[in-house]
Amino acid sequence: MTTDNSTVDLVTPQLRALLREGEESPETLWARVADDLHWFEPWDAVYEEDGVADFAWFSGGRTNMSYNAVDYHVENGGGNRAAMVFETGERGGNEVYTYSELRHEVEQVAGMLRAYGVEKGDRVTIYMPMSPEAVVSMLACTRIGAIHSVVFGGFGAGALADRIELAEPKLLLTADVGFREGGTVDLKSIVDRCFDDHESVHDIVDDTIVLSRGDEETTLRDYETDWDDALAAGADEDTSHVEMDATDPAFILPTSGTTGKPKGTVHQHGGYQTHVYAMAKWMFDLDETDTWFATSDIGWIVGHSYIVYAPLLTGSTTVVYEGTPTYPDAGIWWDLVERHGVDKIFTAPTAIRALAGYDDEFHERADLSSLEAIFSAGEPLNPPAWEWLQQEVLDDEVPVIDHMWQTETGGPIIGNPYGINTLPIKPGSAGIALPGIEVDVVDFDGEPLEPGEEGALVVEKPFPGMTPTLWEGHDRYELEYWQQIEDLYWVGDAVSMDEDGYLWFSGRADEVITIAGHRIGPTDIEDALVAHEAVVEAAVVGKPDPEKTEVAAAFVVLRDSYDGDEALADELRTAVREDVGPIAIVGELEFVDQLPKTRSGKIMRRTIRDIMLDEDLGDVSTMEDESAVDEIEAATEDIDADADVGN
């Protein structure tokens, strides 16, 4: 299907030409983007395929993503520009690294890796808090051709073991502690438990190097080495970069499946850097004059793509932040914007909603005049949250732009192309299919749907940022992504497209609620709930119903000043009926203190539904706080008790 944006007002000739070229001649489009990057040897073919699930970008080309992100700028006169600012809300202070200083740090760690026997193709697991050393370690790996597998520093011992077993790294890089909300996260004890409880980890990992960040001396085991000692061991090693084939893996980033072990998403040097660079330009308008603040963590794809690689590829200054948006108070991010003159922010709806619950004084105390745009992704940005940020914080002077992508795509695929031509913003929509990305909305038989009809989002053709395989095997890749609907890439989201080509996400495709024959996305009901002044967050899932197939079950987090009584529940049900319509039947509405979320802030609706239906929870290693499960279990017991009384 061609994404027809002809009815959208204000589309410039440049954007229209890029969209058309992406549909009619994608190889020309992507080759022109790739030409902006440095290649040691040009490619033989822009794109080759042997069936839709077996494809390659820039075959024969030789490049290196780390070289392009760091060395290239130094060698072309940009060595004195600021490359990275490390800011901590936990202990105060910041560190600034120029591109020349960053290259020096990367070379040191590259020597350290080689001293410990790491060679091209070897895997290195990085289990570290947000820190300069974590970013440098990623760049050092790709510099020498090693494949990094970053594990979010908030994961526990079991999740770490799963990801080590997946990647089979030669070396583990970690730290003694991280800092969060004024406290200390003891990473070293988690690593110790990982090794103690999982014999396989001992068999896989040759060496562990530990960065000391805490105030107390760390006791190392016989298979562990202090970071500074390891750096010293690599002082005389070769620190040069390796010329990589475009199709060589740069990193593995595990992403949870619905059941079983995490999936090992693979991204390659050539295609991945081309895609994230293109979207840095088209979506975010990044260049060497920008100071860019992505509020994620390097343990997630946002951190890989838009804290580390893409900002540095464009020559921008990237802000690396350790901390939460509300510690030491809810003004810390706004203060950071003023302190560093941040031009653009990339954040998530969860963070926006969290900040919206605090007094205006926190954003009003800071000078935000440097801001040019704020971008949001991770889940749909609720219109009430958008309105708060757009109107109350930014006085409608700076656009707040939603967009969508996933670990498997490397970078954005749906959005409002701010860097080319900002389209009219429709609150609640993620935007249009971006240049070079061909999408469709289909039913479960693969048949295209009309505008306004809800179905599954699919991608019709590969693009450079799309993962070409899974680390644990291509068969699983084909099965999970290309055989759900034959010969179409299964994104897994439920969505509708309006007549202007804007996409409206309503949840995962298996989270859509069917009520008396009507398909309703959970976010439609959640938006109506969150619009109420009493509600901070809400999660809605389908509950089986013998008469209507399903009804909605809502789990609601309230602001501190409200009591979760039946009167408020009735008021919220009324709000849903008035906003969504009488077909949106909320059969159950329970008040809870927190919702199960991934550590990147996504509400885990499937987990909530599994708890409610007493099903196997599958892989919940990405959950931020497992005590949220107890909250939902207690709430569902109330539902069951009410049902028994009714019988």
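Seven residues of helix 7 (residues 187–197) are buried, namely Leu187, Lys188, Ile190, Val191, Asp192, Cys194 and Phe195. Buried denotes under 20% relative accessible area, exposed over 50%, and partly exposed the range in between, with a 1.4 Å probe and protein chains only. Helices (H or I, at least four residues) and strands (E, at least two) are DSSP runs, numbered from the N terminus. The model is predicted: local features need pLDDT of at least 70, side-chain atom pairs count only at pLDDT 80 or more, and totals for chains, interfaces and linings use all residues. Residues are numbered from 1 along each chain as its sequence is written, and side-chain values use heavy atoms, without hydrogens or water.

An α-helix has 3.6 residues a turn, so residues three or four places apart point the same way. At the start of helix 7, a side-chain oxygen of aspartate 186 comes to within 3.3 Å of the backbone nitrogen of lysine 188. Aspartate 176 sits in the loop between strand 8 (171–175) and strand 9 (178–180). Aspartate 176 counts as buried because its relative accessibility is 3%. Its C-alpha atom is separated by 51 Å from that of threonine 574, 398 residues apart along the chain.

Seven strands form an open sheet in the order 5-4-17-16-18-19-20, with mixed pairing. Strand 5 (94–98) and strand 20 (400–402) stand at the edges; each has a single partner strand, so one side of each lacks a neighbour in the sheet. From one strand to the next, the twist averages 20°. This angle is taken between axes fitted as lines to C-alpha atoms, in N-to-C directions, on a scale from 0 to 180 degrees. Within the sheet, strand 16 (residues 291–294) and strand 17 (residues 317–322) run parallel and are joined by three bridges. Pairing requires at least two DSSP bridges between two strands. Threonine 291 has threonine 317 of strand 17 as its bridge partner.

Strand 24 (residues 455–459) is mostly covered, with five of its five residues buried. Strand 23 (residues 439–442) pairs with strand 24 in the antiparallel sense over four bridges. Here valine 441 is bridged to leucine 457 of strand 24. Strand 24 also pairs with strand 25 (residues 489–497), again antiparallel over four bridges. In that pair, the partner of valine 458 is tryptophan 490 of strand 25.

The structure holds six cavities of 30 Å³ or more. On a 1 Å grid over the protein atoms alone, a cavity is a set of points where a 1.4 Å probe fits but cannot get out; a pocket is an open set with protein on both sides within 12 Å along at least five of seven lines; lining residues have an atom within 4 Å of a point. The largest cavity has a volume of about 110 Å³. It is lined by 15 residues, with Ile401, Asp402, Ile425, Lys426 and Ser429 closest to its centre. Strand 20 gives the most to this lining of the largest cavity, with three residues.

The second largest pocket has a volume of about 270 Å³. Its lining comprises 22 residues, of which Gly428, Phe505, Thr523, Asp524 and Asp527 lie nearest the centre. Strand 26 (503–508), helix 17 (522–530) and strand 29 (535–545) each supply at least two lining residues. Helix 17 gives the most, with five.

UniProt lists residues 525–602 as "domain: AMP-binding enzyme C-terminal" in an unreviewed entry. Over residues 525–602, the chain is 27% helix and 35% strand, with the end C-alpha atoms 17 Å apart.

How values were computed: Polar contact = N/O pair within 3.5 Å; in protein donor to acceptor, adjacent residues only side chain to side chain. UniProt positions renumbered as here; feature names shortened; annotations may be inferred. Points joined across faces, edges and corners; volume = space filled by probe spheres on them.
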